[in-house]
Amino acid sequence: MATKAELPARPRDWMSNSLLDGLVALVVGGGSGIGEATAITLAANGARVAVADRRKEAADGVAKKIEADGGEALSLAMDVAVASEIGAGVSELIAKFGQLDIVVNSAGVIFPGSLEDCSLDDWRTSFLVNVEGALLLGRACLPHLRKSKSASIVNISSLAGGRGYPNGGAYGPSKAALISLTRQMALEWAADGIRVNVVSPGTIDTPLTRANMRPEIIAEREAKIPLGRLGVATELADTVVFLASPAASFVTAQELNCDGGLSQSLMAQKFFANK
Ligand SMILES: NC(=O)c1ccc[n+]([C@@H]2O[C@H](COP(=O)([O-])OP(=O)(O)OC[C@H]3O[C@@H](n4cnc5c(N)ncnc54)[C@H](O)[C@@H]3O)[C@@H](O)[C@H]2O)c1
């Protein structure tokens, strides 16, 4: 079984820097974790990339990394829950790059708690950021995506959007709504040539995971994942880049689980238990 140390150091350049040649990407939540790895991998494949985050200094850091590797990047302060900030950021992107082709929405919040205990504030913030944010972002980008010959949106949901789990009170329902919103966007905007897909990560080793899970819980999770380990952010990035790229030109309205097999493992775990 591959250990984390054996995983190839990437970002992966899929086609010698040319898969996304001539395309411009916006990655919201690009300052950390999955969004950061995605922004860097998009750039490694030839896209010019705007890195947006509500933490501007984090977005600055990722944009600098891309530029240090020879890519072109722009850093934006953007809270995906605030329409005026999205509008200002998209205008700045268009002023600099002149076009927009790929939108990745990796911004997300999680407030662990049961349905009985989670505060209404946490419930509302979860839906505001994880669902309404995706709608606001999609609407703001739509006029520009309509002009692109290779337009796509990739939202980042969660396995929690497809199934309940302990302390997933506000998070799971909001991520389920994001999956549904993705399908609705895909069908409404297909006639404009815009593809919209959603990636549902299992458990990925990012700052968000480390902040929300004690090491012993992480070890328990690893034991239940068929591939025997957490995912790493670059593996999510590769999945997102595939969906965002012309390589997936006939793929839309789909949810893709990137989870080491966890979502399909319930019966397998039952069989092992019965041996
Ligand atoms: N890490 C996992 O195991 C996992 C599993 C399932 C789903 N996800 C989802 O993947 C996405 C990325 O998670 P991550 O693990 O990379 O987290 P992370 O905390 O490492 O990165 C998330 C980034 O989003 C930014 N952000 C948060 N709220 C924002 C907002 N309102 N506007 C703009 N930016 C905002 C944060 O500042 C941060 O830089 C989230 O949507 C999360 O729900 C992660």
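Helix 4 passes helix 5 in a right-handed crossing, meaning that the near helix is turned clockwise from the far one by less than a right angle. This is a predicted model, in which local features need pLDDT of at least 70, side-chain atom pairs count only at pLDDT 80 or more, and totals for chains, interfaces and linings use all residues. Residues are numbered from 1 along each chain as its sequence is written.

**Helix 4 and helix 5**
- The axes of helix 4 (residues 120-145) and helix 5 (residues 171-189) come within 8 Å and cross at roughly 15°.
- Helix 4 is therefore roughly parallel to helix 5 (angles under 35 degrees count as such).
- Helix 4 contributes Ser126, Phe127, Asn130, Val131, Ala134, Leu135 and Gly138 to the contact, and helix 5 contributes Tyr171, Ser174, Lys175, Ala177, Leu178, Leu181 and Met185 (contact: C-beta atoms, placed from the backbone, within 7 Å).
- By class, this contact of helix 4 with helix 5 has 9 nonpolar, 4 polar and 1 charged residues (Gly counts as polar).

**Ligand shell**
- The ligand is surrounded by 31 residues, the closest being Gly29, Gly33, Gly108, Thr206 and Leu208 (a residue is near if its C-beta atom, placed from the backbone, lies within 6 Å).
- Helix 1 (33-44), helix 4 and helix 6 (207-212) are the elements that give two or more residues to this shell.
- The shell residues divide into 15 nonpolar, 12 polar and 4 charged.

**Annotated domain**
- The unreviewed UniProt entry annotates residues 23-197 as "domain: Ketoreductase"; such annotations may be inferred rather than shown by experiment.
- The end C-alpha atoms of residues 23-197 lie 18 Å apart, and the span is 49% helix and 17% strand (DSSP runs: helices H or I, at least four residues; strands E, at least two).

How values were computed
Axes are lines fitted to C-alpha atoms, for helices over the stretch in contact, and angles run from 0 to 180 degrees between N-to-C directions. Angles under 35 degrees count as roughly parallel, over 145 as roughly antiparallel, 65 to 115 as roughly perpendicular and the rest as oblique. Two residues are in contact if their C-beta atoms, placed from the backbone, lie within 7 Å.
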